[in-house]
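Here is a short tour of one protein fold, written for someone who likes to know how each term was defined. Please keep the viewer open as you read.

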Amino acid sequence: MSAVVVILIALIAVAAGVGVGYWLPPHGRRPAVERPTAVRRILLPFAGPEISRRSFEAAVRLAKAENATIMPAFLARVPRNLPLDSTLPAQCSYGLPLLEAIEQRAAAQGIPVDARIARGRTYRDALRRLLEQESFDRIIVSATESRSTGLSAEDLEWLLEKVPAEVLILRPAPDDTRRISAAGLTGHF
C-alpha cells in the first residue's frame, strides 16, 4: 500500500469518528443523560460555632449519591424572657458564618444547599419547630459530649423516636478533633 492510501484511510476514519461524535449527546439525536432535579433533602442541624467534619462529609457523600440538597440548620436557643422572634446577635455572630462556610464547602463540590435558622426555647424545641414546618428525607446529627454545644442524649433519643425520617447520628472518635467552623477547618488532619 502506498502512503497516500494509508493517509486517505486515516482521514476517512477521523471524519467518521467526528461525525458519529457529533450525533452523540449533547448535540445529537440521542438525549443526554441528565441528573434528575434534586428532590431529596438532608437536614444537617447544629447549635454551636462548629460542626464535626465527619458529619459534613457524610452529608456530602449522601447528597452526591442521591442527588439531594443539604439543608444545614442553625438551631438558635431563645431565652424564655424574650419573644421567639427576637434578634439574637450573639448566637448569630457564630451561627451565620458557619452556615456560610458549610454552604461554600458544599457548593464547591457541586451540592445544592438551602440553609435554615430554627428558633426555639431549647435546641430540641427549635428542631421540632423546623420539622413541623418542613419535611426531610434524612437527618444527620453530630453527637457532642456537651449539652451546651448541641443536642443532648435525650434530644437524640427523641429524634430517633419521633421523627419520620432516616436519622444518622455520628459521634467522632475521641481523637478526631476535625471540625468545620467559620474560621475554616480546625483540628488535626
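This is a predicted model: local features need pLDDT of at least 70, side-chain atom pairs count only at pLDDT 80 or more; totals for chains, interfaces and linings use all residues.

Residues are numbered from 1 along each chain as its sequence is written, and side-chain values use heavy atoms, with hydrogens and water left out.

**The sheet**
- Five strands make an open, parallel sheet in the order 4-3-1-5-6; helices (H or I, at least four residues) and strands (E, at least two) are DSSP runs numbered from the N terminus, and two strands pair if DSSP finds at least two bridges between them.
- Strand 4 (116-120) and strand 6 (166-170) are the edges: each has a single partner strand, so one side of each lacks a neighbour in the sheet.
- From one strand to the next, the twist averages 25 degrees; axes are lines fitted to C-alpha atoms, for helices over the stretch in contact, and angles run from 0 to 180 degrees between N-to-C directions.

**Strand pairs**
- Strand 1 (residues 41-46) is joined to strand 3 by six bridges and to strand 5 (residues 138-142) by two.
- Leu-43 has Met-71 as its bridge partner in strand 3 and stands opposite Ile-139 in strand 5.
- Five bridges link strand 3 to strand 4, running parallel, and Ala-73 has Arg-116 as its bridge partner in strand 4.
- Eight of the nine residues of strand 3 are buried, where buried means under 20% relative accessible area, exposed over 50%, and partly exposed in between (1.4 Å probe, protein chains only).

**Helices and the sheet**
- Helix 4 (residues 123-133) lies across strand 1, strand 3, strand 4 and strand 5, at about 125 degrees to strand 4; contact means heavy atoms within 4.5 Å.
- Helix 5 (residues 153-162) lies across strand 5 and strand 6, and runs at about 155 degrees to strand 6.
- Strand 3, helix 3 (residues 89-108) and strand 4 form a right-handed β-α-β unit; right-handed means that, with the strands pointing away from the viewer, the path from the first strand over the helix to the second runs clockwise.

**A loop residue to look at**
- Asn-67 sits in the loop between helix 2 (53-66) and strand 3 (69-77).
- Asn-67 is not a glycine, yet its phi is positive, at about 50 degrees.
- Most residues other than glycine have a negative phi.
- Is Asn-67 buried or exposed? Asn-67 counts as buried because its relative accessibility is 15%.
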